[in-house]
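Subject: Structure handover

Hello,

Here is the structure I promised you. Please open it and keep it beside this email as you read.

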Amino acid sequence: VARALRDTPLPAFAPLLAGLAAADGDGADDAIVALGALRDARHLPLLLSLLAHRERREAARRALLGYGDGAVAALDAALRDPTLPYAVRVHLPRALARFGHQRAADLLLAHLRDAPGGMVRYKILRGLGRLLADDPALRLDRATLDAIVVSHLEKAFTLLHWIALLEADDAPRGAARDLLVELLRQKLGFAVERLFRVLGLRDPRADFEQVYDSVHSADATTRATGHELLEQLVPSAWRGALRALTSDEPVAERRRAGRAFYDPPALDAGQLLAALRGHVDPTVAALAAAAAPRDATGDALPAAVGHA
């Protein structure tokens, strides 16, 4: 039935198609394609929700393409909706990138500037990279990209500052603290990778992927060559900060290079841990709560630390 309706979609059978599309059956993909052919805006929420399901994701993307501008508007609105499940939001950028036009590129760039989650930003960057690779004629606003670079530098040096505080000699010790430091180091690595992807969007002619690999090489000569290339490719205002973020020097020394992008508040490791109990990432919050020192009443000490 689903295959027949895929080949000859009829509006009268839309409720049946919606049921088949949402069901975990052999005809689901055919039903999803048929919904795309009907182009009824009432089915857009269902198609967006199906992006969370790996087995249905590709069919949902193809169906959304059939809706044209209506789907573009729905994807734009969904990326601005923090109440949508994370499993849906993280797959919205690629679905939007599939449209392959300047409007999609402009919307993705706007969301890259505002998206709160690191993984969503990463997916947006990959989507933009795919768009430019498929159509080099597309253009991204340079001023917006520059602002995004500065924002990523701020986030990266915020993380570097937190790591330096937690690794200081007077910082609390324990398994929770160690796990938190490791998690923050992973977040810093992801932030630096996203930063290089933004630089690649800013200057598509330069091979920032190769530069990224070079500055992270285990070979000292390759790393030095990568840093030389990096300094030639980026504005002087960013050079010291980028070198520090990709250096193997002690964290406490590297964070000083980011003062132009992040002015760290005066606090110690205990105050940082207390403040991180309210972090948006539940894993960071839980580890910080486990590692935070307690005052006489048993409450963690409050502090303001910025964001990352």
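Below are my notes, going from the core to a surface patch.

This is a predicted model: local features need pLDDT of at least 70, side-chain atom pairs count only at pLDDT 80 or more, and totals for chains, interfaces and linings use all residues. Residues are numbered from 1 along each chain as its sequence is written, and side-chain values use heavy atoms, with hydrogens and water left out.

**The core**

The largest nonpolar core has 97 residues. A nonpolar core is a set of buried Ala, Val, Leu, Ile, Met, Phe, Trp, Tyr and Cys residues joined through side-chain atoms within 4.5 Å. Buried means under 20% relative accessible area, exposed means over 50%, and partly exposed lies in between (1.4 Å probe, protein chains only). Leu153 is one of the residues with the most contacts inside this core. Leaving out residues up to four places away in sequence, Leu153 touches Leu195, Trp238, Ala241, Leu242, Leu245 and Phe261. Contact here means heavy atoms within 4.5 Å.

**A covered helix**

Helices are DSSP runs (H or I, at least four residues), numbered from the N terminus. Look at α3, residues 28–38. Of its 11 residues, 8 are buried. Among them are Asp30, Ile32 and Leu35. The cover over the buried residues of α3 includes α1, α2, α4 and α5. Arg39 follows α3 and has a positive phi, near 55°.

Arg202 sits in helix α12, residues 175–202. Why does Arg202 count as buried? Because its relative accessible area is 14%. Its side chain makes a polar contact with the side chain of Asp146, at 2.5 Å. A polar contact is a pair of N or O atoms within 3.5 Å; within protein, one must be able to donate a hydrogen and the other to accept it, and residues adjacent in sequence count only if both atoms are side-chain atoms. Beyond four places in sequence, Arg202 also has Pro235 and Trp238 among its contacts.

Asp76 belongs to helix α6, residues 69–79. Asp76 is buried too, because its relative accessible area is 12%. Neighbours within four places aside, Asp76 is in contact with Leu107 and His111.

**The surface**

Val1, Leu10, Phe13 and Leu16 form a nonpolar surface patch. Together they have about 360 Å² of accessible area (Shrake-Rupley method, 1.4 Å probe; for residues, only the protein chains shown count as cover). Patch residues have over 30% relative accessible area and no salt bridge; like charges are joined within 9 Å, nonpolar side chains (Val, Leu, Ile, Met, Phe, Trp, Tyr) within 5 Å. A salt bridge is a side-chain nitrogen of Lys or Arg within 4 Å of a carboxyl oxygen of Asp or Glu. Leu16 lies in helix α2. Leu16 counts as partly exposed because its relative accessibility is 38%.

Best wishes

How values were computed
Helices (H or I, at least four residues) and strands (E, at least two) are DSSP runs, numbered from the N terminus.
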